[in-house]
Every structure is written in C-alpha cells, then in structure tokens.
Amino acid sequence: MSPRRSRFLATVTLLPLLTAMSCATTTTTSTTWSAPSSPGWARYGNVESIQEIVQRTEGNPAGGALAGALIGGFLFGGRGHASLLGAAGGAALGAAASQGSAEARSYHVLVRFDDGGYGVFVYRGYSPFRPADRVVLTAQGLSRS
C-alpha cells in the first residue's frame with residue numbers, strides 16, 4: 001500500500017473521531033416511561049410544578065480548527081509547504097464547520113395524583129399545563145379534567 005493511500009485511510013478513519021471530540025458540546029437528559037396495565041382506567045391529580053430544561057449545543061471553533069489542522073497537515077504529507085497549506089486550509093474549514101449553536105427546551109410537568117403517587121411528564125417546546133391545574137391521566141395521555 002502506498003504511503004499516500006495509507007495516509008488517506010488513516011485520515012478517513014480519524015476524521016469522525018476528531019470531529020466528534022472537538023467540534024461541539026451537547027448536553028442531553030432522558031426520561032423512562034411505562035405503560036399502565038388496564039385500558040379503562042383514569043387517574044386524577046394536580047400539577048405541582050413545572051421544570052423548564054434547556055439543552056444547548058455550542059460549537060467549538062478552536063477545537064474544530066485544531067482537528068482540521070491536524071488532518072490537513074497529515075493528509076498533505078507531514079512536511080514542507082504542502083503540509084503548511086494543508087494545515088492552514090484544514091484549520092479554516094474546521095473552524096467554520098464548528099461554529100454556531102442550537103437550543104431546545106423541554107418541560108417536566110410533575111403531577112401529584114389523588115392516590116398519593118407522583119408522575120413526571122415531558123413536553124418539548126412548551127408546557128400545555130400550569131401549576132395547580134387539575135389533570136387526568138388516561139390511556140390517551142395527560143389532559144385537563
């Protein structure tokens with residue numbers, strides 16, 4: 001295998017790893033839901049609180065530039081003017097690809113049921129309920145009662 005081909009294969013293999021490690025930071029939470037056992041049931045309660053969760057993804061241009069410079073320099077031979085041009089071009093592309101940010105909101109609605117139990121319901125983008133709302137949980141989901 002030629003040195004140029006082996007460099008190309010190494011770059012293709014390392015590119016996703018370096019990009020994932022250095023270009024953006026994402027924070028995520030998860031919730032587990034379970035289904036009730038019988039179809040004709042209803043559970044009444046009150047909304048106790050609503051918690052807003054904001055998930056932000058922030059770009060990391062410096063990390064993207066570093067990854068791009070490493071890949072660009074490596075791809076163009078590792079020495080001489082071509083290597084410097086590859087590193088500079090890779091750094092510019094990596095920094096540009098790593099800019100920007102995104103934001104997503106979710107709302108965790110805590111319900112205290114009349115039987116003493118609690119439930120947390122997650123809604124993306126907005127909350128259809130307010131604290132102290134009277135609600136009912138059925139097989140179709142949570143709604144105002």
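A: What follows goes from the whole chain to the core and then to the strands and rings around it.

This is a predicted model, in which local features need pLDDT of at least 70 and side-chain atom pairs count only at pLDDT 80 or more, while totals for chains, interfaces and linings use all residues. Residues are numbered from 1 along each chain as its sequence is written, and side-chain values use heavy atoms, with hydrogens and water left out.

The mean pLDDT of the protein (the predictor's confidence in each residue, from 0 to 100) is 74, and 46% of the residues reach 70 or more. Among the elements, helix 1 (residues 3–22) has the lowest mean pLDDT, 55, whereas strand 5 (residues 134–138) has the highest, 95. Where pLDDT is low, the predicted coordinates should not be read in detail. Helices (H or I, at least four residues) and strands (E, at least two) are DSSP runs, numbered from the N terminus; the protein has 3 helices and 6 strands, in the order α-β-β-α-α-β-β-β-β along the sequence.

Of the 145 residues, 25% are buried, where buried means under 20% relative accessible area, exposed over 50%, and partly exposed in between, with a 1.4 Å probe and protein chains only. The largest nonpolar core has 10 residues, namely W41, V47, V109, V111, F113, F121, F129, V135, L137 and L142. Such a core is a set of buried Ala, Val, Leu, Ile, Met, Phe, Trp, Tyr and Cys residues joined through side-chain atoms within 4.5 Å. Strand 3 and strand 5 each supply at least two residues of this core, and the largest share, 3 residues, comes from strand 3.

Leaving aside neighbours within four places in sequence, V47 is in contact (heavy atoms within 4.5 Å) with V109, L110, V111, F129, R130, P131, A132, D133 and V135. V47 and V135 are 88 residues apart along the chain, yet their C-alpha atoms are separated by 7.1 Å. Another member, L142, touches V111, F121, Y123, F129, V135, V136 and L137, not counting residues up to four places away in sequence.

Two strands pair if DSSP finds at least two bridges between them; strand 3 (residues 101–113) and strand 4 (residues 118–124) run antiparallel and are joined by 7 bridges, with F121 in strand 4 as the bridge partner of V109. These two strands form a hairpin with 4 residues between them, and G116 in the turn has a positive phi of about 95 degrees. Strand 5 and strand 6 (residues 141–144), also antiparallel, are joined by 4 bridges, and they form a hairpin with 2 residues between them; T138 stands opposite G141 in strand 6.

Finally, the structure holds 2 aromatic pairs. Rings of Phe, Tyr and Trp (its six-membered ring) pair if their centres lie within 6.5 Å, and planes under 30 degrees apart count as stacked, over 60 as edge-to-face and the rest as tilted. F113 and F121 form an edge-to-face pair, 6.4 Å centre to centre with 85 degrees between the planes, and both F113 and F121 are buried. Y123 and F129 form an edge-to-face pair as well, at 5.8 Å and 65 degrees, and F129 is buried, with a relative accessible area of 6%.
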